[in-house]
Amino acid sequence: MKIHEFQAKQIIAGFGVAVPKGRVAKSPDDAKAVAAELGGKVVVKAQIHAGGRGKGGGVKLANSPEEAAQVFSRIMGMQLVTHQTGPQGQKVKTVLVEEQMPIERELYLAVLIDGAAGRPVMMASAAGGMEIEEVAAKTPEAIHRVSIDPVTGFQPHLARELCFALGLTGDLMKPATQLMTSLYDAFMAKDASLAEINPLVVTKDGRVLALDAKMNFDDNALFRHKEIEALRDKDEEDPSEVEASEKGISNFIKLTGNIGCLVNGAGLAMATMDAIKFAGGEPANFLDIATANDVNKVVDALLIISRDPNVNAILVNIFGGMARVDIIAQGIIEAQKKMAKTVPVVARLAGTNVEEGERLIRESGLPVIRAEELGEAAKKAVEAAKAAA
Ligand code: ADP
Ligand code: MG
């Protein structure tokens, strides 16, 4: 799960990370009031769940309360396009106003899980403020990493190592060490999968602060963090993913292709997507319907998929183990009656109660395209999608 910058800043500030003063403004007048409280010079920042807001025009300086009100009006409601939003952009519904910091240097600092090592890793770079993916691609040596043993925690010598790598010496070492330690504490306590500060800044008056903050959380740990779950902003999530999760279909991820997929089992779902790609197509979603022996769930899933305007064919790939093919077949039949537009369905069905499932589909008279094998099913889906497009 993702949250907004202002929320991440509140969390890390609670653990001792220094952040600029500021708050969310509700209106131009409110932005003016916040700016006046903060001494006049502020930064007005669009809050969306995507980075690159600065480049996209979603982060602007204002040098007086009046200017803050004007800039607020320009940013609130804008369709902000960044390299992370896609070309359609994301509508700005929340705006943060915070004090302008006198920046001397912009650095990068993050804690994340190193899957290969099975441990948290802290990453730092003197090349802050830029896209870290670009730094990693062009100058990987500019990123310093320290692996953290979760049993002993973030030791002072690890902080010193990163401070030296970043050139944070002398009086800067103490506040920088404190900030790193606090960030690690927040990351661990909240079961985060990422806590990233880009930029971490050194100010002209010798302070070390988080000017931006991003936190992602492990969804599987949210049950023990109701306070984090409460920060969820569904406006920032894909509507079809929100609908799927509300209908109890948890493993649905919207993608940009034109072939919808209904599959049971995450591994089979991945293999199905590969097969579609191999046949020259693009999957429109990932979906593991799991052992949903519930006709309504199958119908809901197929309707969510078919409502995607990009989708012009659906590939159903089911290997019934505990899942029953006859129930899936009933779902396909029900869904076809309810779909607003006709989407060709290719079905590759095998396993438990397959004969009964086949019979139901045959007797329904619906034009379901049959396939025996996965490769064949993918090919037929790609052809059907092309014909329907
Ligand atoms: P994004 O990463 O989405 O572009 P940031 O919060 O990192 O958004 O802001 C972009 C840039 O704006 C920063 O790299 C920094 O130079 C500047 N900036 C952001 N917040 C402040 C602030 N409080 N004071 C001064 N400059 C800021
Ligand atoms: Mg940033």
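Visitor: Which residues of helix 2 meet helix 4?

Guide: On the side of helix 2, Pro-28, Ala-31, Lys-32, Ala-35 and Ala-36 take part, and they meet Pro-65, Glu-66, Ala-68, Ala-69, Phe-72 and Ser-73 in helix 4. Contact means heavy atoms within 4.5 Å; helices (H or I, at least four residues) and strands (E, at least two) are DSSP runs, numbered from the N terminus. By class, eight nonpolar, one polar and two charged residues form this contact (nonpolar: Ala, Val, Leu, Ile, Met, Phe, Trp, Tyr, Cys and Pro; charged: Asp, Glu, Lys and Arg; polar: the others, Gly among them).

The model is predicted: local features need pLDDT of at least 70 and side-chain atom pairs count only at pLDDT 80 or more, while totals for chains, interfaces and linings use all residues. Residues are numbered from 1 along each chain as its sequence is written, chains are lettered from A and ligands numbered from 1 in the order in which they are written, and side-chain values use heavy atoms, with hydrogens and water left out.

Visitor: At what angle do helix 2 and helix 4 pack?

Guide: Two packed helices are described by the angle between their axes and the distance between the axes. Helix 2 (residues 28-37) and helix 4 (residues 65-75) pack at about 140°, and their axes are 7 Å apart. The two helices are therefore oblique to each other. Helix 2 passes helix 4 in a right-handed crossing.

Visitor: How far apart are the axes of helix 10 and helix 14?

Guide: The axes of helix 10 (residues 266-278) and helix 14 (residues 374-388) lie 8 Å apart, at an angle of about 55°. This pair is therefore oblique as well. Ala-271, Thr-272, Ala-275 and Ile-276 of helix 10 make the contact with Leu-374, Ala-378 and Val-382 of helix 14. Six of the residues are nonpolar, one is polar and none is charged.

Visitor: How many residues of domain 1 are in contact with domain 3?

Guide: Four residues of domain 1 touch five residues of domain 3. The size of an interface is often given as the accessible area lost when the parts come together. Here about 300 Å² is buried, with carbon and sulfur atoms giving 48% (accessible area, 1.4 Å probe, summed over both parts). In domain 1, Arg-232, Lys-234 and Glu-237 lose the most area, together 100% of what that side buries.

Visitor: Where does a cis peptide bond occur?

Guide: A cis peptide bond joins Asn-198 and Pro-199, with omega about 15°. Pro-199 belongs to strand 10 (residues 192-203).

How values were computed
Axes are lines fitted to C-alpha atoms, for helices over the stretch in contact, and angles run from 0 to 180 degrees between N-to-C directions. Angles under 35 degrees count as roughly parallel, over 145 as roughly antiparallel, 65 to 115 as roughly perpendicular and the rest as oblique. A crossing is left-handed if the near helix is turned anticlockwise from the far one by less than a right angle, and right-handed if clockwise. Buried area is the accessible area (1.4 Å probe) that two parts lose on being put together, summed over both.
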